[in-house]
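Q: Can you walk me through this structure? I'm new to this, so please keep it plain.
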Amino acid sequence: MAEQTLVLIKPDGLKKSLTGNILTRLSEAKLEIMAAKVVCVTRELASEHYCHMQAKPFFEELINYLMGNLHDRRKVLALVYHGDNAISLVRGICGGTNPETADPTSIRGAYGRITTKGLFENIIHASSALEEAEREIKLWFKPEELVYRIYPVKTEEKVTKTLVWA
Ligand code: ADP
């Protein structure tokens, strides 16, 4: 079944200059990139992305991690991949959540680490289920940023100020 999945190259992946390497690894899945952008992650966006982790003792550290506060890189690279079995294919290439027990040939197993505070710095995020992928893609991307209309859209009148080239 054709699916979409959200991938985030987290700030440690950017700091370690792993972007090219990660994109090459992901290309093994023969999926299509249907959106990509660099995002400065606000506290609101990080908290919303990890809303299911709110009760965890490491939540605050996790939010700081995604915001880039632990790596002096206040950005992530966000991508949407599309294709058959995209979710499980990408998760397989990323490896398990814990980088110490992840398959050592996976991205997380090869490049992740556990900090002295116990946080899993695991380089990459990938959606783990269909509903999660839809929620996450809608959180990180606007409809017009995706090359295909994968979810229903509606039009809304908005009066906003936008930046244009001076
Ligand atoms: P995944 O990222 O594999 O989907 P989760 O959604 O459970 O896993 O966790 C979100 C993120 O929180 C992980 O990617 C990792 O950075 C961190 N994390 C998860 N579990 C732990 C843990 N037990 N100890 C420390 N950090 C964790």
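A: Let's begin with a term. A polar contact is a pair of N or O atoms within 3.5 Å; within protein, one must be able to donate a hydrogen and the other to accept it, and residues adjacent in sequence count only if both atoms are side-chain atoms.
A: This is a predicted model, where local features need pLDDT of at least 70, side-chain atom pairs count only at pLDDT 80 or more, and totals for chains, interfaces and linings use all residues. Residues are numbered from 1 along each chain as its sequence is written, and side-chain values use heavy atoms, with hydrogens and water left out.

Q: Okay. Which side chain does His71 join in a polar contact?
A: That of Glu121. The contact is 3.1 Å.

Q: Where is His71 found?
A: In the loop between α4 (59-67) and β3 (76-84). Helices (H or I, at least four residues) and strands (E, at least two) are DSSP runs, numbered from the N terminus.

Q: Is His71 buried or exposed?
A: His71 is buried, as its relative accessible area is 9%. Buried means under 20% relative accessible area, exposed over 50%, and partly exposed in between (1.4 Å probe, protein chains only).

Q: What does His71 touch?
A: Leaving out residues up to four places away in sequence, His71 touches Pro11, Asp12, Lys15, Tyr65 and Glu121. Contact here means heavy atoms within 4.5 Å.

Q: New topic: the ligand. How many residues surround the ligand?
A: 14. The closest are Arg91, Thr97, Arg108, Phe120 and Asn122. A residue counts as near if one of its heavy atoms lies within 4 Å of the molecule.

Q: Which side chains have an N or O atom listed with a ligand oxygen?
A: Asn122 has one 2.8 Å from a ligand oxygen. For Arg108 the distance is 3.0 Å. For Lys10 it is 3.1 Å.

Q: And how much of the ligand does the protein bury?
A: 81% of the 530 Å² that the ligand exposes when taken alone. Those areas come from the Shrake-Rupley method with a 1.4 Å probe; for residues, only the protein chains shown count as cover.

Q: Let's zoom out. How many helices and strands does the chain have?
A: 7 helices and 6 strands. From the N terminus, the order is β-α-α-β-α-α-β-α-α-β-β-β-α.

Q: What share of the chain is buried?
A: Of its 166 residues, 46% count as buried.

Q: What does the chain span?
A: Along its principal axes, the C-alpha trace spans about 50 × 35 × 35 Å.
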